[in-house]
Amino acid sequence: MSNHILIKADKLSRYYGENCAVNDISFELKRGDVLGFLGPNGAGKTTTMRMLSGNLAPSKGQIIINGVDIIENPKEAKAELGYLPEQPPLYKELTVNEYLHYCAQLNRIKRNNIKKALDNAKDRCGLAEMENRLIGNLSKGYQQRVGIAQAIIHSPSIIILDEPTVGLDPIQIREIRNLIKELGQEHGVILSTHILPEVQATCNRVQIINKGKLVFNDEVANLAKQVKSSSLIIGLHQPPTISELEALPGITSVERLQDDRLRFYYGNNPSPAEMLAEKAVKDSWGLYELTPDLVSLEKIFVDLTCKEPPVQ
Ligand code: ATP
């Protein structure tokens with residue numbers, strides 16, 4: 001059932017002594033969502049993930065996992081959760097099969113169902129050929145797959161992954177991202193990361209946390225719309241001087257780029273594109289390019305996380 005709410009976090013806060021690591025955040029995760037949880041170092045991602053996975057009690061607020069309050073009924077709620085912490089809890093001296101068998105028992109899978117659960121997890125994570133290898137001898141990418149396999153061994157409806165691609169090479173990263181996308185089709189996935197392209201590559205929704213506060217929560221596709229572009233790139237064969245250009249109405253500053261094109265900043269003024277095109281023709285500047293400056297995801301992130309959070 002799509003649209004089914006798997007996680008409802010309501011007004012969550014967590015203090016470490018005086019330090020408020022997570023400050024009054026609320027959000028939902030639906031089936032079919034791959035939610036990217038993005039934020040700079042120390043923003044509160046891991047603290048939130050640990051609360052959602054039932055490993056850390058919130059100071060305030062409520063977490064409902066598939067209809068069950070995780071504080072009131074932790075066992076029942078945790079049965080719906082699979083969690084890959086930042087440091088995967090792997091026993092390197094065990095083989096993949098031995099370790100997953102142990103995880104299946106920890107998750108109270110009935111003895112008759114264990115083989116099926118193992119086969120399914122190994123199959124989903126591409127581990128069948130590695131089943132008899134010692135975990136300590138596997139590459140980091142395969143170890144991460146084992147970490148994900150232990151998180152899905154009991155077929156939870158929700159999978160929580162804390163920085164799942166840290167330390168992997170580009171090929172391993174691509175494989176793990178594809179696996180996450182696949183898992184998102186049947187489960188709800190929350191993925192914490194500070195890697196922006198990871199969110200673009202794997203997630204349909206994104207929320208950004210900064211200094212413990214949620215500063216953005218929407219579809220990935222809407223992220224770019226958040227920050228209005230306020231610059232234009234212009235190419236001129238015979239440009240006037242920078243100071244002449246900066247004196248034009250509505251222009252706040254002009255910057256020469258390495259390839260001699262010019263970037264016009266116009267702040268909150270309306271776009272000067274039409275005025276510049278007319279002026280370029282009238283004064284024979286030799287206009288060969290006029291394009292809005294694309295807002296990079298990096299800029300959006302910096303804009304959203306460099307603003308102070310709203311005062312309560
Ligand atoms: P990173 O990307 O660096 O892992 P994060 O977004 O996961 O960062 P958290 O680890 O949740 O951030 O930390 C949020 C804040 O809480 C930080 O200021 C951190 O120093 C503090 N903090 C985290 N864990 C503890 C702890 N066990 N005791 C005291 N303070 C803590």
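## Terms and basis

Contact here means heavy atoms within 4.5 Å, while helices (H or I, at least four residues) and strands (E, at least two) are DSSP runs, numbered from the N terminus. This is a predicted model, in which local features need pLDDT of at least 70 and side-chain atom pairs count only at pLDDT 80 or more, whereas totals for chains, interfaces and linings use all residues. Residues are numbered from 1 along each chain as its sequence is written, and side-chain values use heavy atoms, with hydrogens and water left out.

## The α3 and α4 pair

In α3, the residues Asn-97, Leu-100, His-101, Ala-104 and Gln-105 meet Ile-114, Leu-118 and Lys-122 of α4. By class, this contact has 4 nonpolar, 3 polar and 1 charged residues (Ala, Val, Leu, Ile, Met, Phe, Trp, Tyr, Cys and Pro count as nonpolar, Asp, Glu, Lys and Arg as charged, and the others, Gly among them, as polar).

Helix α3 (residues 96-106) packs against helix α4 (residues 114-124) at an angle of about 120°, and their axes are 10 Å apart; axes are lines fitted to C-alpha atoms, for helices over the stretch in contact, and angles run from 0 to 180 degrees between N-to-C directions.

An open sheet is formed by 4 strands in the order β2-β1-β4-β5, with antiparallel pairing (two strands pair if DSSP finds at least two bridges between them). Because β2 (19-30) and β5 (68-69) stand at the edges, each with a single partner strand, one side of each is left without a neighbour in the sheet.

Strand β1 (residues 5-16) is joined to the antiparallel strand β4 (residues 60-65) by 5 bridges, and Ala-9 has Ile-63 as its bridge partner in β4. Helix α1 (residues 45-52) lies across β1, β2 and β4, running at about 125° to β1.
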